[in-house]
Amino acid sequence: MKHRKSAQSTTRPIKNVSQKLDGRIRKAITQATTMASIDQLEYTLDWSNFPNSIKLQCYLLDDSSNALISNSPEQALLIKYVQQCFLKQGIKFRDFKKNISFRTALTQSNPSV
């Protein structure tokens, strides 16, 4: 006799897993925003391609504009720090540089700048 799971029993564990992962993402973001040059982090994701679908928008304080320059030492340090925050929560990316972008807090409030 084969045992079949109903649709309800299979969706509940998936929902619980996604809630746990969402909590881990939020913890990583909270930890990352403790760095002095990071104002806030926003993210979007697609659960069907987790974790590689996470897209992070890192808003920096105005005095951290050097980190906006691609491949600058400041940007590399920020990427490493944010990546470590996610690794501490058990979230690993294939290529983290593809998943994060930087903006200044001024750019966030006024997109025409």
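Predicted model: local features only at pLDDT ≥ 70, side-chain atom pairs only at ≥ 80, totals over all residues.
Colleague: How many aromatic pairs does the structure hold?
Modeller: Two rings pair if their centres lie within 6.5 Å. Going by that cut-off, the number of aromatic pairs in the structure is four.

Colleague: Are the planes of F86 and F93 stacked or edge-to-face?
Modeller: Let's check the geometry. The two ring centres are 5.6 Å apart, with 75° between the planes. Planes over 60 degrees apart count as edge-to-face, so the pair of F86 and F93 is edge-to-face.

Colleague: And what kind of pair do F93 and F96 make?
Modeller: Here the centres sit 4.8 Å apart and the planes are at 70°. That angle is over the 60 degrees cut-off, so F93 and F96 are edge-to-face.

Colleague: Which residues form one aromatic cluster?
Modeller: Start with F93, since it pairs with F86 and also with F96. Put together, the cluster is F86, F93 and F96.

Colleague: Is F86 buried or exposed?
Modeller: Buried means under 20% relative accessible area. F86 has 0% relative accessibility, so it counts as buried.

Colleague: Where is Q89 found?
Modeller: Helix α2 covers 73-88 and strand β3 covers 100-104. Q89 is found between those two, in the loop.

Colleague: Why does Q89 count as buried, and which residues does it touch?
Modeller: Its relative accessibility is 18%, so Q89 counts as buried, with the cut-off at under 20%. Leaving out residues up to four places away in sequence, Q89 touches R24, K27 and A28.

Note on methods. Residues numbered from 1 in each chain as written. Heavy atoms only, no water. Helix = DSSP H or I, 4+ residues; strand = E, 2+ residues; numbered from the N terminus. Buried < 20%, exposed > 50% of the residue type's maximum accessible area, 1.4 Å probe, protein only. Contact = heavy atoms within 4.5 Å. Phe/Tyr/Trp six-rings, centres within 6.5 Å; stacked < 30°, edge-to-face > 60°.
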